[in-house]
Amino acid sequence: MNYRMMGKFISRILMLEGIFMLPALCISLFRQERMAIQGFAYSIALILVLSLLFYFYGRKAERKFYAKEGMVCVSASWILLSLLGCLPFYISKEIPRFVDALFETVSGFTTTGATILPAVEDLSRGILYWRSFSHWIGGMGVLVLLLAITSVGGNENGFTMHLLRAESAGPDVGKLVPKMKTTASILYWIYIGLTVLNLVFLLLGGMPLFDAVCTALGTAGTGGFGIKNDGLAGYSPYIQNVTTIFMLLFGVNFGCFYLVLMKRVKDVLRDEELRMYLGICAVATVLIVWDLRGVYGSLGETIRHAAFQVSSIITTTGYATADFNLWPNFSKAILMTLLVLGGCAGSTAGGFKLSRAMLLAKNARRSVRRVVRPQKVQAVRCNGRAVSEKVLENINAYLAVYVLVIVISFLLISLDGFSYATSFTSVLTCVNNVGPGLEMVGPAGNFSQFSVFSKLILTLDMLVGRLEIFPMLILFSRSTWRRK
């Protein structure tokens, strides 16, 4: 294990976190929020000290980095970011229990949006901003940002690709252009551009600046932390419709946006995952509108709420304009199915990912055909290209571990004695980084009533889901730390 190189990376990641806290500190200074100022100031000071310690440890690092180091570095970085990122909540006493502050922070960084707060409007403006900005940091990934803005030297095949694969979502991760640093830069410029565009449209709808900034940050990261107790229900239909559209956009593979910029629109239109994504959204919206007939005053209002919740859940954003916990069972079943499927690979959305589901279905169809014609060589194809057997094996392994994590977590959470729907959907929503579940953890509820043990399990589930399981498993595997 190249510990010094890992220390070098972690030093720069912590420095970025300290810099990211500065706008929240400035907001608190402007608003004269004494406890929040104290929380951010102490946190930034501690982060700076730790960053310097890691820097001096790793300054003479040997530039060799392999897949195992990449996985461990990403997992350790996210844990450290969360432990230090929760300090402003805890030091300011706006979330007085450390476990609750950690849960809230991990929920922010992993873009889950699950909360332990019964009344978010009681938080100071600086803390509210940091809470929403944590979504934006975690949406694209802080290590991808590090690769985009800094040069750490070394061979790209040695470590940058390992870092991108460990932090990015989807069954297979590749480069948009030959250089990894340029790929990371392109991804972040697209991310920033869409965020700014979302902000502009929200401001045009008359949304207050602070509200628009926090909502745009949460939408971009597909996180869902609201700054109002009623979510987005109190805003105008225009604001809700704009948010619906941008949630859908952030659930699209960012490679598609790059192809549009390169004027390769035909390639985008032929993308099987994108067509599947848009088709599922359209069908789910139509079915829910049919199921909700008579619930709302007009067809237009019904379509608006149905489209918003479909967009929110499939992209794992978690915003709400209505308490879908009160909707008919068929509509809730559709939303829970979308919760598991998630958005496209290479987007900021969570969930199992549609590309995995699509390849699993194609592989199952190939297995059936092999029973009939065992001698015929058949390849699984996606967008006209054959998918490697290694990718298909990884997807099967991912599915097995994904189900195992959900089952074990559900059994442990059930010790709290809450209902089946509450316990099961709380695990589903945390592993898939969505936010709201059903019953006690529905859009109008929160996670505050869970025990400390359950909150720690759900916190780990959020990290496991955001990093797509394997980096966290490798971090806690004995073989990772065993000396040869």
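**Reading burial, salt bridges and surface patches**

Modeller: Let us begin with one residue of this predicted model. Lys 362 has a relative accessible area of 16% and is buried, because buried means under 20%.

Biologist: With which residue does Lys 362 form a salt bridge?

Modeller: The general idea is that side chains of opposite charge can pair when their charged atoms come close. In this structure, Lys 362 forms a salt bridge with Glu 272, and the closest N and O atoms are 2.4 Å apart. Lys 362 belongs to helix α17 and Glu 272 to helix α14 (residues 272-291), so the pair ties together parts that are 90 residues apart in sequence.

Biologist: Which residue forms a salt bridge with Lys 353?

Modeller: The partner of Lys 353 is Glu 468, with the closest N and O atoms 3.4 Å apart. This pair links distant parts of the chain, 115 residues apart: Lys 353 is in the loop between α16 (329-341) and α17, and Glu 468 is in the loop between α20 (452-466) and α21 (470-475).

Biologist: Is Glu 468 buried or exposed?

Modeller: Glu 468 counts as buried, at 6% relative accessibility. Lys 353 is buried too, with a relative accessible area of 2%.

Biologist: How many salt bridges does the count come to?

Modeller: The count comes to nine salt bridges. One of them joins Asp 267 to Arg 270, with the closest N and O atoms 2.7 Å apart. Asp 267 is partly exposed, its relative accessible area being 27%.

Biologist: How should I read the covering of a helix, and how many residues of α5 are buried?

Modeller: One applies the burial cut-off, under 20% relative accessible area, to each residue in turn. In α5, eleven of the twelve residues are buried, and the helix is mostly covered. Among the buried residues are Val 99, Asp 100, Leu 102, Phe 103, Glu 104 and Phe 109.

Biologist: How far apart are the end C-alpha atoms of helix α5?

Modeller: The idea is to compare the span with what the number of residues leads one to expect. At 1.5 Å a residue, the twelve residues of helix α5 (residues 98-109) should span 16 Å; the end C-alpha atoms are 16 Å apart, which agrees. Just after α5, Thr 111 takes a positive phi of about 60°.

Biologist: Let us turn to the surface. Which residues form a nonpolar patch there?

Modeller: The nonpolar patch consists of Trp 189, Ile 192, Val 196, Leu 197, Val 200, Phe 201, Leu 204 and Tyr 238, which together have about 760 Å² of accessible area. Helix α9 (residues 180-204) supplies the largest share, seven residues. Leu 197 has its place in helix α9, and it is partly exposed, with a relative accessible area of 40%.

Biologist: Which residues form a positive surface patch?

Modeller: The positive patch is formed by Arg 365, Arg 369, Arg 373 and Lys 376. Arg 369 lies in helix α17 (residues 354-372) and is partly exposed, with a relative accessible area of 44%.

Biologist: How far apart in space are Ala 45 and Gly 139?

Modeller: Separation can be read both along the chain and through space. Ala 45 and Gly 139 are 94 residues apart in sequence and 25 Å apart in space, C-alpha to C-alpha. Ala 45 is placed in helix α2 (residues 34-58) and counts as partly exposed, at 40% relative accessibility.

Technical notes
Residues are numbered from 1 along each chain as its sequence is written. This is a predicted model: local features need pLDDT of at least 70, side-chain atom pairs count only at pLDDT 80 or more; totals for chains, interfaces and linings use all residues. Side-chain values use heavy atoms; hydrogens and water are left out. Patches are made of residues with over 30% relative accessible area and no salt bridge: like charges are joined within 9 Å, nonpolar side chains (Val, Leu, Ile, Met, Phe, Trp, Tyr) within 5 Å. Accessible areas come from the Shrake-Rupley method with a 1.4 Å probe; for residues, only the protein chains shown count as cover. A salt bridge is a side-chain nitrogen of Lys or Arg within 4 Å of a carboxyl oxygen of Asp or Glu. Lys and Arg count as positive and Asp and Glu as negative; His and the chain ends are not counted. The place of a charge is taken as NZ of Lys, CZ of Arg, CG of Asp or CD of Glu. Helices (H or I, at least four residues) and strands (E, at least two) are DSSP runs, numbered from the N terminus. Buried means under 20% relative accessible area, exposed over 50%, partly exposed in between (1.4 Å probe, protein chains only). The expected span of a helix is 1.5 Å times one less than its number of residues.
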